[in-house]
Amino acid sequence: MNIRTSQDIPLAQDKANHLLPWIVGFMTFMAVLMMTSGLVVGNISQLWQNDLTGKVTVIIDSSSDALAPDEQQARLQQTQLLIGELELLPEIVSARVIDNKELKQLLVPWFGEAANVDGLPLPVLIDVTMVKINAENLETVRARLHQLSPRAVLDDHNVWRQRLVRLAGAFQVVAYLSIIVVIITAAIMIIFAVRAAMSTHAEIIELLHLFGAEDNYLLKQFLNNIVAATWLGALPGFFIAIFVIVIVRFIAGSAVINWLPLFILEIWQWPISLLLPIIFVILAIITTRITVQTQLARSMP
């Protein structure tokens, strides 16, 4: 990439000036990917938490052998009686049996679409919605459940849900810390590029000083160059990252449709990623200003 601007200091000819847009572009690309990953993981975690709010599952173990049709009918009747008794509890809003078709669909990720699970002794699952999930309500439901069917087990999903939330939170922290590291690295690279340019053109800078050029004029020369190089790298890096995100979502397709939202980010979250190129430009302005002013102050007799 080549930056061509009309300047008294030939900064566009520097090798660092050609390399800086590529570095900033790569940093922006990585930052957008990490920001999007962190937001997506947070959305998925929130989605799963919302889906499980107030939900518990009653699991009734089946026998080790497949049941005959009459036995299956008897078990279904017993299950319906159990549901009727559970719905009498004030702690429970509703309860329903998860049918075999839905149950088999839950096994597809492990056995595949073509797998035959008809011969498996699948347990009976009852999806229960509670008014409020707390220790007291759960204990009441468990006690009543034990009276009705000793083989029934109440699963409140809290154990794996809490692990999921902690894992998602840890991933988000790592993603956002990585963005900070990328931004700091970009700032260091800009500092090196500015200092290298000032060292290379030290004689021209001194000559311009002799002709009466003020520090602000020299600073503007470097700002124009660095900001142009930053924009030239940040914008392509941003759009390439968005393109990669959309392609990955498209390729994943139905494989993740059951657990990934249709839209990767909420509408209000997209501007957050859009801010990253602007952040890199602001960073370039601040870093260049401080570096040039510091170097000029040191070079003054």
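Biologist: What joins strand β1 to β3, and in which sense do the two run?

Modeller: Strand β1 (residues 55–60) is joined to β3 by 6 bridges, and the two run antiparallel. Strands pair if DSSP finds at least two bridges between them, and strands themselves are DSSP runs of E, at least two residues, numbered from the N terminus. Within this pairing, T57 stands opposite D127 in β3. Before we go on: this is a predicted model, where local features need pLDDT of at least 70, side-chain atom pairs count only at pLDDT 80 or more, and totals for chains, interfaces and linings use all residues. Residues are numbered from 1 along each chain as its sequence is written, and side-chain values use heavy atoms, leaving out hydrogens and water.

Biologist: Why is F238 called buried, and why is F239 called exposed?

Modeller: Buried means under 20% relative accessible area, exposed over 50%, and partly exposed in between (1.4 Å probe, protein chains only). F238 has 8% relative accessibility, so F238 counts as buried. F239 has 54%, so F239 counts as exposed.

Biologist: What makes F238 and F239 an aromatic pair, and of which kind?

Modeller: Rings of Phe, Tyr and Trp (its six-membered ring) pair if their centres lie within 6.5 Å; planes under 30 degrees apart count as stacked, over 60 as edge-to-face and the rest as tilted. The structure holds 1 aromatic pair. F238 and F239 form it at 5.3 Å centre to centre with 70° between the planes, an edge-to-face arrangement.

Biologist: And how do you know that T230 is buried?

Modeller: T230 has a relative accessible area of 1%, so T230 is buried.

Definitions and conventions:
Helices (H or I, at least four residues) and strands (E, at least two) are DSSP runs, numbered from the N terminus.
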